[in-house]
Amino acid sequence: MTPRHALLIDPVASDDDRGEFSDTLSAVDPAGPVLSLGELSAQRGDGVFESIGVVDGHPQEVTAHLERLAHSAALCDLPAPHLGQWRAAVAEIASRCPAGEYVIKLVLSRGVDQGPGPTAWVTASPAPDFSRVRRDGVRVVTLDRGVDSGASTRAPWLLLGAKTLSYAVNMAAIREAGRRGADDAVFVSSDGIVLEAPTASVIVRFGDRFVTPEPATGILHGTTQLSLFAYLAGRGFDVGYDTISVDRLRHADAGWLVSSVRLAAPIVAVDDHEIALDAALTASMTDYLLSPRD
Ligand code: PLP
């Protein structure tokens, strides 16, 4: 879908002390032409991004997303984004989003090949209708990511913990899941540890304990997972990071794929092992995730 709104950002240095950024943000026609065909984001997927959910005009968890954008940029040796400037861009484009669910995408690209510096932009688009999947859940298959759980420390150039624009592998995994009769995939390390889904974090319930894989295993540290853990801890549940084998995942009391726009999709089967769906808890998670969160 062509986004409804787009702003090009003229990136300023991360230590720029101006308090006003409107003259660095320009509204552009989202249908283009806007970007050069020399863009390294288009040619090589060389850049980083964030997707922020917007509910009734309120962008969710902006600080967590901006911090992760900066983390991804650092891992990719991109110039550090000025968080105040990006915050201003998010506020500006969110003010153009009407009631309902939208998604704001932040992109920081390495720029045009041999060009002067990074290219940056934000867009806003209506979010897909995820109400059915939030209620009925997803069947997942586990897929080998082909790297072991120590790879991100041993080979940081794989950029496993960065949210880079190179999502072709993630999209291929979702297509493979479809070929196997499932709705989505869960990546597993070559040493058998559950990692993440191609576009979501994994949360698993064992009794009254909710766990998610360690970010150090080479996965994105999900903003939705962090927010849900705070919510669940507030309700008296035990939450934490843990090593989860495929067998434990298959025998979990419940599980969810969680992300900023689809929110909490309950896992109803792992490799054809059925998992119970806690409709009341899932609905309460969705209500929480749709409430204004900063
Ligand atoms: N892991 C991957 C690979 C993702 O692409 C995403 C989100 O797109 C997530 C985890 C979940 O992150 P968040 O909850 O911040 O959206």
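The model is predicted: local features need pLDDT of at least 70, side-chain atom pairs count only at pLDDT 80 or more, and totals for chains, interfaces and linings use all residues. Residues are numbered from 1 along each chain as its sequence is written, and side-chain values use heavy atoms, with hydrogens and water left out.

**Stop 1: the two domains**

Select residues 5–126 for domain 1, then 131–290 for domain 2. These bounds come from an automatic or database domain assignment. The domain centres, taken over C-alpha atoms, are 26 Å apart. Domain 1 gives 23 residues to the contact and domain 2 gives 18 (contact means heavy atoms within 4.5 Å).

**Stop 2: where they meet**

The two domains bury about 1,600 Å² between them, with 61% of it on carbon and sulfur atoms. Buried area is the accessible area (1.4 Å probe) that two parts lose on being put together, summed over both. Now pick F49, R68 and E101. In domain 1 these lose the most area to domain 2, together 34% of what that side buries.

A salt bridge here is a side-chain nitrogen of Lys or Arg within 4 Å of a carboxyl oxygen of Asp or Glu. The count between the domains is 1.

**Stop 3**

The whole structure holds 19 salt bridges. Select R110 and D46, which pair at 2.7 Å, N to O. R110 sits in the loop between β5 (101–109) and β6 (119–126), and D46 in the loop between α1 (40–44) and β3 (47–55), so the bridge ties together parts 64 residues apart in sequence. Helices (H or I, at least four residues) and strands (E, at least two) are DSSP runs, numbered from the N terminus.

Next, show R139 and D272. Their closest N and O atoms are 3.3 Å apart. R139 lies in strand β7 (residues 138–144) and D272 in the loop between β13 (263–270) and β14 (273–274), so this pair joins parts 133 residues apart in sequence.

**Stop 4: helix α3**

Select residues 83–94, the 12 residues of α3. Colour Q85, W86, A89, V90, I93 and A94, the buried residues of this helix (buried means under 20% relative accessible area, with a 1.4 Å probe and protein chains only). They cover an arc of only 165° around the axis, which puts them on the same side of α3. The arc is that of the directions from the helix axis to the C-beta atoms.

Notes:
Expected span 1.5 Å × (residues − 1). Buried < 20%, exposed > 50% of the residue type's maximum accessible area, 1.4 Å probe, protein only.
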